[in-house]
Amino acid sequence: MMHGGMMRQIAEKEEEKARNTSLVAWRLIRLLKPYWRMVAFSLGLVLVSASMQGLGPYLIGLAIDRFITGSDLPGLLWTSAALAATFIVGMFATRFQIYSMSLATQKLLADLRRSVFEKVQALDLKYVESKQAGDLMSRLVNDIEAINNFVSQSLIQMISAMFALVGIMVAMFLLDWRLALASLSVVPLMFLMTKFFSGLARRAFRKTRTTIGDVSAEMEEQVSGVKVAQAFNRTEVNVRQFSERNAANRNANVSANAVTSAFGPAMEVLATISTALVAALGGYLAILGLVTVGTVVAFIQYVQNFFRPIATVSQMWTLAQSAFAAAERVFELLDTAQTIEDAPDARALPRIEGRVQFEGVSFGYDDKRMVLKDVSLDAAPGQTIALVGPTGAGKTTAIGLLTRFYEVASGAIRIDGHDLRAVTQNSLRSQMGMVTQDPFLFSGSIMDNIRYGKLDASDEEVVAAAKAANAHGFIERLPEGYQTEVGERGGMLSQGQRQLIAIARAVLADPRILILDEATASIDTRTEKLIQSALNTLLKGRTSFVIAHRLSTVRNADQVLVIDDGQIVELGAHADLLAQNGLYAELYNRQFYTPPEEAGTAA
Amino acid sequence: MTGLRRMFVYLARYWAPSLGAFLSLLVVNAGNLVSPRLLGQLIDDGIVPLQMAVVWQVALWLVLIAVGRGVFNFLQGYLAEAASQGVAFELRNEIFTKLQTLSFSYHDRSQTGKLMTRMTSDVELVRSFIGNGLIQLISAIILLIGTLVILFSMNWALTIILLLMFPAIGYIFVLFVKNIMPMSKEVQQKLGVLNTVLQENLAGMRIVKAFARETYESERFYGRNLELLDANIKLIRLFATFFPLIFMISNLGVVAVLAFGGWQVIEATLTLGQLVAFIGYLNYLLMPIFMLGMLGAMLSRAEASAQRLFEVLDAESEVHDRPGALELPPVNGRVEFENVSFRYIGAESDVVSELSFNAEPGQTIAILGQTGAGKSSIINLIPRFYDVTGGAVKIDGHDVREVTLDSLRRQIGIVLQETTLFSGSIRENIAYGRPDATLDEVIAAAKAAQAHDFISEQPDGYETVVGERGVGLSGGQKQRIAIARALLLDPRILIMDDSTSAVDAETEYKIQQALDELMQGRTSFVIAQRISTVRSADKILVLEQGKLVAEGTHHELMQTSELYVEILETQFDDHAEIVAAVEEG
């Protein structure tokens, strides 16, 4: 039973190894440095508890041989008292050993989490976006959890199992080398068997993983698409398909379990053979008078205690390997070079007037392909610049450069004449505000989310910002008003409402430069009007860059920048550009205008 | 325990492997109980009197018993797994079937994530409890009783001394189990909170950076991190205290047996071998106690899971075929709403109230209104995704509640606002409503839906796999596949929610063409977002708060309905001026 469970644990993990195990282990150990006292204390206690474990059967053997057989009752009682003391000391040693080791490793983990978070904070957007946030997230969470599993559970067990193993082996050889060899004779066989079975089991469990993946995927898809399934009368076919996958998973599980079910008994048979060997050899030697009966009894106890640590160590070894692989990935992340850093002599950017210049700016996510090529523009303080162009033209990239999310490859961006690279990122960004297309809300109350724009804002200031953003009305109507929890990604609010909160946040931040990516998703009419007027308030008096989707925005902009394939192809006011009859006119007509003649008759 | 008791129905379907597993376990236990005795015999009859023959004999028996025990152990594990996986299989199948047939109002109220948990962890918990836990439970009890009987028969005085430690172990164990649950829950919860902060920082990185809030976020994270550390330390203290304590007490039991039993051996009321066997049996006392404790903790969780599973399995679908429902004959496409009222379950007011209108075969009906005016509700009532709460929806004179769902929905094509594609090839997706359609039919539908060109450009053409694990398609492409899917059904009645997501102008134009093709010659209901749709509709229904406030063609409504003009101006923002210009000119 125990062995079967262990094999299952081994097999359910995909085999993975760190590329450089010793290096990773060394780095992990180095992280323990601040807590070396706890670790040393724990290791000292391991020695104590391991020797207590070795001492136990020895004392039992002694009691039987010397005192029971010798009919010495006081001696027996003294030995029993010593045995009891051994167990009590062992208990305390174990308790403090586990406790101090776990304390050290949990602190190590907290440190590791902290470094990871610090790193994530400092990472470039370019890196994060290329990895997909969800992917990076689940990897980080799983990897740290894998390390946690190892250090909090397996490490201590593994260390004490190793010590126990050594202790028992020493005790056995001290008692009688012949019986010791007999006890150990099955160990190589056990290793071979474990290797054989884990190979089989791993293959079998791989299949259970893929089949349960199929079942869940099918389930998830069909549940989220259930309305379509019912609309298209597909339910019977779906049920049949699901049942097939479900059956495949069942069969895979049953056959994988056959392997693990066979492993436990096989190991037990080997362990019993070892016991029988000791009994037979011990009996023979006892008859010859070479060993005492007590020694044989003690050996039978040793043999039974011997196989538990072996099982533990081999089981933990697999966990250790995946923990190392996980740690290696975490370290890799920690070692990722930061490409955007404040220059050593960076100065704080003084209060921005609002003049923004792009001077021959080029940028690419990789060196081979430039997304922006030689872009130049000059925005006067207070102007609204609308960016227009087909999807993928480079609009989002251009504003990402302005906030210095990305670093220009060549050319320069200047604000009030200061090159962005010469000022600190913090002083730059604290004067900017941003409203993204899909407004991001943090878990917490609406109040918290608006206050994000200015952390020390009073409640009155937050409400004032919400009023200016036209958000006050709907917030007041919510049952809990400003204290309404918005939950993960603001799920319970409509898209339009989230947009209003994001605008209020930007209003409160009172930025000198505003960046706005207009929402494209359909928002109901009333909210749309509210958003529009809130934005007009927000744009007033600030230099603003707007990725425009609304006709009114482009018409009101001071400059319209038409970007195509990374270049500014047209630049000017709405009316002028329309008159040029170029790309802008074409985009405008396609996006905002449907010739009435075509409507309805087009086929 | 009603939930678990009902689960026996499922286990009963696998009675043969269950019984086999149980019997095997009995044999294994018997083998376990014999072994310490053999060891005692080895000492008493073999080693002490120096009888080598007995030593050999016993050693051989030990191995033989181990082999036999091994075989039955394997059988037990295998059969229990077969039975429990069978139970899981049936449960999953039934839940899936149930979910497929439950009506829209159920799915409106449930979350996919929660349903997935039912399907995976709840099923797994019930499975392992029913399949393994239960058998282990019975076996543990038998093992416990068997061991006690043997011990009493060997030496009652020693047994009573042993039993003295039981209350202590039991008490500590109960205390442990009681504490561990809330503590590990706290750790999980703190970990969840911490991960949320990390997740939000990754997902909202632009905002964090744009507002220069790195320090603030770090402090937030560190605070949570420390909370997690504290919760972890509490949990560790619990583990570090309880386990060594329990092992110490059981070891002290060994000491007591050794001292007292040793004295008995000296007094010659006990043999040495019996003493050794006695100590050997101690393991078999502790193991079942641990197991009972574990199973007790597992029991309450399994019961909770079982009840959650039955919540799904017992859910009633509000919409189902009436007894004796007739097949809806092939329809012409006349749709009537007679005084229809509708409200969602649990809602306080009607979404649609006393609505009446007719659609003649082949007409296009555009539905307009503000968000929440009841547009989607109306189109959902036609294929009977929901039942009306008052009045009736009739197709060719048949009340939709009088006919079978199958025959009704087969004649209605639907293009929903959110385009759901399923993992599988493009061909399978188009043939979703008619899995038996030929490739030619699929291609014809795709061509009509303006989808053929981009499909042909895909690496494997119509066999290209799409969906979660396949090629990603753009919103506009997905929408055209959905249109092809509806076209292939060749329905008499068509329902469409044409709210557009952001697509570029050229795609927009193609979708428009596809839709026009689709509507040709069918009774169509469209939640309109495009000016062209509204202009060419045979009838426009203008809704306000669930009521029909105006009805007519575009030209009529331009003259008579202020609300209509207002909606056009606001919802159709960009087109409004054009429309106005056209009207004036």
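Modeller: Four strands of chain A form an open sheet in the order 2-1-4-5, with antiparallel pairing. The model is a predicted one. At the edges of the sheet are strand 2 (372–379) and strand 5 (418–419) of chain A, each of which pairs on one side only. Strand 1 (residues 356–363) and strand 4 (residues 410–415) of chain A are joined in the antiparallel sense by five bridges. Within that pairing, A:Q357 has A:R414 in strand 4 of chain A as its bridge partner.

A helix packs on this sheet: helix 12 (residues 395–402) of chain A touches strand 1, strand 2 and strand 4 of chain A. The direction of helix 12 makes about 120° with that of strand 1 of chain A.

Next, the surroundings. Leaving out residues up to four places away in sequence, A:F545 touches A:V356, A:L377, A:A379, A:I385, A:L387, A:I399, A:L402, A:I513, A:L514, A:I515 and A:L516. A:F545 also belongs to the largest nonpolar core, which has 208 residues. A:F545 is one of the residues that touch the most other members of that core, together with A:F306, A:F307, A:L402 and A:I415. Helix 11 (residues 293–335) of chain A gives the core its largest share, 22 residues. At least three residues of the core come from each of domain 1 (21–334) and domain 2 (350–431 + 549–603) of chain A.

Methods: Residues are numbered from 1 along each chain as its sequence is written. Chains are lettered from A and ligands numbered from 1 in the order in which they are written. This is a predicted model: local features need pLDDT of at least 70, side-chain atom pairs count only at pLDDT 80 or more; totals for chains, interfaces and linings use all residues. Side-chain values use heavy atoms; hydrogens and water are left out. A nonpolar core is a set of buried Ala, Val, Leu, Ile, Met, Phe, Trp, Tyr and Cys residues joined through side-chain atoms within 4.5 Å. Buried means under 20% relative accessible area, exposed over 50%, partly exposed in between (1.4 Å probe, protein chains only). Helices (H or I, at least four residues) and strands (E, at least two) are DSSP runs, numbered from the N terminus. Domain bounds come from an automatic or database domain assignment. Contact means heavy atoms within 4.5 Å. Two strands pair if DSSP finds at least two bridges between them. Axes are lines fitted to C-alpha atoms, for helices over the stretch in contact, and angles run from 0 to 180 degrees between N-to-C directions.
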